[in-house]
Amino acid sequence: MNEETDNVSASEVSTGRELVLPGDMLSDSKYKAGSGTYLENGKIFASQLGIVSVRSNFINVVPLAGRFIPKVGDQVIGIIMDVGPSNWLIDINSPYPAPMHINEAPWKVEFGDTGRYLTVGDLILGKIFMVDEVKHVQVTMRSHGLRKLQGGQVVEISHSKVPRVIGRNGSMIQMIKNSTGCRIIVGQNGRIWLDGEMEAISTAVTAIQMIEREAQTIGLTDKLRELLESANKKKG
Amino acid sequence: MGGAKTDIKLIDENGLRFDGRKPDELRPIRIEANVLKRADGSAYLEWGGNKVIAAVYGPRECHPRHMQDPLRAVVQAKYNMASFSVSDRKRPGPDRRSQEISKIISEAFEHVIFTHLFPRTSIDVYMEVLQADAGTRCAALTAASVALADAGIPMRDLVSSCAAGKVQDTIVLDLRKEEDNFGEADMPLGIVPRTGEIVLLQMDGDLTLEEFNKTMSLATEACHKIYELQKDALRRKYGVTDDEDVQESVDAVAESVPDRQEEAEEAFEDEQEES
């Protein structure tokens, strides 16, 4: 009888895409515990509110909420919070402030000369290059395409909605870019930088906020297309 | 408590209570998740005459600094009663009672939250009692637990809580104000429903061992009922249909999780091309 109930739960999981809450059982030993899950007595439970996804033997919970926790390699949009003689302190929209050493800046910066390159309030496109076990984070700008962001504006969304805004192979963000003609950069930390004409930006921001608000709803792509088209009509 | 004298008949001849409930009957409970825009997670709960709002912030940088734990997050719960929550104006501000409740609720949550995932941070839980009618700590704990899940905090399970006690020699569930004031004992209980672990247990008044066991089983059973209400509140808020389009959108999110970096880079490169 036990065997039977186990099979039922496993088959439920393989169809996937259901909402789970902390403490919901996901599977017995058939899968490996992935992110958003935990293992207890050989059984896998959800640890977060989210949606189940099974990928190559791993069972994961894709969270629907939560703060951005930096991972090595994440591309983020940061705001300079403080300037030290040999580093900048950067707010990356996470519980952890992230310093960037002068050696990680894309310029040759003399000790004490930091303020000439980046000052408080400046925006940067950076990358997380180190996170240790007590979550000391370090940011770098020494990589392809990383730079100071000049002009434009930033909107903040929940970092868990970032993949939805980007869409499958960047389809969503591409649609917004093509329609509005804005330059858009999406940081993994939920900050989105936009630059372009005032009207175009405001359309893009409305679109992004709609995606965030209705990330789970039916026909979002069509709704987005409608919104962008009506904005274009008004303009043209 | 402890049985002040009263003329009110708390239990009638038919064994029914002051408000017509059976001894093992809960007051009506309504929970709503995600009611506040600014907080990371929130919940509103009505439980009989109790009205509680809970908000969760975090994990966020821990202030004051000396409270930081280099290895795990600290849970800082704050229970507060509004000055208009009781019939006599309650003097605002923290008092002995609310500090005690804040502490036990923090400790209850520390037990279920995976604090080791967020070293050096704090998870702040604020509970505001807007209207009180006995059992507010259970109501606050129940609401806060929904708010924590709503905030996406990783935890082993929700925490459910309910009180039971003794009124005129009868063991009753979920005491209301009159029963609490003039009854003999009140025992709030908080459990992890999935495992049955106890994370909060207090008792005001006296019970024999036999009475205690009966009270415990009554409260535990009620906690499991409340657990279902909590889960229902979250499902209602985040409910996902089986519609194909929704599934596709979830797929898009799920696919991008392991290689979200790649997509950000793609998006970035597109941006480069255009500029």
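This briefing covers the overall build of chain A, one of its helices, and a helix pair and some backbone details in chain B. The model is predicted. Chain A has five helices and 16 strands. Its C-alpha atoms fill a box of roughly 70 × 50 × 25 Å along the principal axes.

**Chain A overall**
- Chain A has 236 residues, and 44% of them count as buried.
- Take the contacts in chain A with a separation of 6 or more: 56% of them link residues 24 or more positions apart.

**Helix α4 of chain A**
- Helix α4(A) covers residues 198-213, 16 residues in all. At 1.5 Å a residue it should span 22 Å, and its end C-alpha atoms are 22 Å apart, so the two values agree.
- Its buried residues are A:Ala200, A:Ile201, A:Thr203, A:Ala204, A:Ala207, A:Ile208 and A:Ile211.
- Seen down the axis of α4(A), these buried residues fall within an arc of 165°, so they line one face of the helix.
- An α-helix has 3.6 residues a turn, so residues three or four places apart point the same way.
- A:Met198, A:Glu199 and A:Arg213 are exposed, on the other side of α4(A).
- The cover over the buried residues of α4(A) includes the helices α2 (162-166), α3 (171-180) and α5 (220-235) of chain A. The strands β14 (153-156), β15 (183-186) and β16 (191-195) of chain A also take part.

**Helix pair in chain B**
- Helix α1(B), residues 96-112, and helix α2(B), residues 136-150, have axes that come within 11 Å. The axes cross at roughly 40°, which makes α1(B) oblique to α2(B).
- The contact uses B:Ile101, B:Ile105, B:Ala108 and B:Phe109 of α1(B). From α2(B) come B:Arg137, B:Ala140, B:Leu141, B:Ala144 and B:Leu148.
- The crossing of α1(B) past α2(B) is right-handed.

**Backbone details in chain B**
- Most residues other than glycine have a negative phi, and most peptide bonds are trans.
- The peptide bond from B:Gly58 to B:Pro59 is cis, with omega near 0°. B:Pro59 sits in strand β3(B), residues 50-61.
- B:His63 and B:Pro64 are also joined by a cis peptide bond, with omega about -5°. B:Pro64 is in the loop between β3 and β4 (74-81) of chain B.
- B:Arg120 is not a glycine, yet its phi is positive, about 70°. B:Arg120 lies in the loop between α1 and β5 (121-131) of chain B. It is buried, with 20 other C-beta atoms within 10 Å.
- B:Asp169, not a glycine either, has a positive phi of about 65°. B:Asp169 is in the loop between β6 (160-167) and β7 (170-173) of chain B. It counts as exposed, with 9 C-beta neighbours inside 10 Å.

Terms used
Residues are numbered from 1 along each chain as its sequence is written. Chains are lettered from A and ligands numbered from 1 in the order in which they are written. This is a predicted model: local features need pLDDT of at least 70, side-chain atom pairs count only at pLDDT 80 or more; totals for chains, interfaces and linings use all residues. Helices (H or I, at least four residues) and strands (E, at least two) are DSSP runs, numbered from the N terminus. The expected span of a helix is 1.5 Å times one less than its number of residues. A residue is buried if 20 or more other C-beta atoms lie within 10 Å of its own, exposed if 12 or fewer, and partly exposed in between; C-beta atoms are placed from the backbone. The arc is that of the directions from the helix axis to the C-beta atoms. Two residues are in contact if their C-beta atoms, placed from the backbone, lie within 7 Å. Axes are lines fitted to C-alpha atoms, for helices over the stretch in contact, and angles run from 0 to 180 degrees between N-to-C directions. Angles under 35 degrees count as roughly parallel, over 145 as roughly antiparallel, 65 to 115 as roughly perpendicular and the rest as oblique. A crossing is left-handed if the near helix is turned anticlockwise from the far one by less than a right angle, and right-handed if clockwise.
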